[in-house]
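Work through the exercises below with the sequence and the model in view. Try each task before reading its solution.

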Amino acid sequence: LTEHGFHVITGKSANTYIGKYVIERIKESSYFLCLMTRDEEKVNGKFTTSTWLLEEKGVALALNKPIVLMIEDGVEDIGGLQGDWQRIHFTPKGFLSAVSKAVKQLKSYSGEN
């Protein structure tokens with residue numbers, strides 16, 4: 001992302017309550033990219049993703065941030081409030097191709113073609 005001119009903000013290096021820090025970082029951002037990877041395997045062989053990611057996505061939605069959802073194949077139950085936001089599904093082997101799609105989506109939010 002940085003190679004394409006985006007300043008990446010993460011929740012690392014919090015010197016306060018982590019949740020509060022993450023919310024402030026999302027508020028400061030122009031866009032929200034959520035990388036939903038596999039967390040726990042379910043009985044049906046599908047996976048959950050991190051509850052932190054789901055809550056962060058909820059904060060971004062509440063703050064009306066343009067969102068890019070990257071979802072690892074096999075992950076389900078990502079919540080429903082994001083409605084019809086485009087989802088970019090990926091496998092480990094197809095991750096770089098998915099990142100290229102995410103960059104294009106982010107650039108479209110900023111008005112670039």
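**Exercise 1.** Which element gives the largest share of the lining of the largest pocket?

Solution. This is a predicted model, in which local features need pLDDT of at least 70, side-chain atom pairs count only at pLDDT 80 or more, and totals for chains, interfaces and linings use all residues. Residues are numbered from 1 along each chain as its sequence is written, and side-chain values use heavy atoms, with hydrogens and water left out.

Step 1. Take the elements that give two or more residues to this lining: α1 (18–28), β1 (32–36) and α2 (51–62). Helices (H or I, at least four residues) and strands (E, at least two) are DSSP runs, numbered from the N terminus.

Step 2. The largest share, four residues, comes from β1.

**Exercise 2.** Find the buried residues of α1 and say what they pack against.

Solution. Step 1. Buried means under 20% relative accessible area, exposed over 50%, and partly exposed in between (1.4 Å probe, protein chains only). In α1, Tyr21, Val22 and Ile26 are buried.

Step 2. Seen down the axis of α1, these residues fall within an arc of 135° (taken from the directions from the helix axis to the C-beta atoms), so they line one face of the helix. On the other side of α1, Lys20 and Glu28 are exposed.

Step 3. The buried residues of α1 pack against β1 and α2.

**Exercise 3.** Which residues does cysteine 34 contact, leaving aside its neighbours within four places in sequence?

Solution. Contact means heavy atoms within 4.5 Å. By this rule, the partners of cysteine 34 are Leu53, Val68, Leu69 and Met70.
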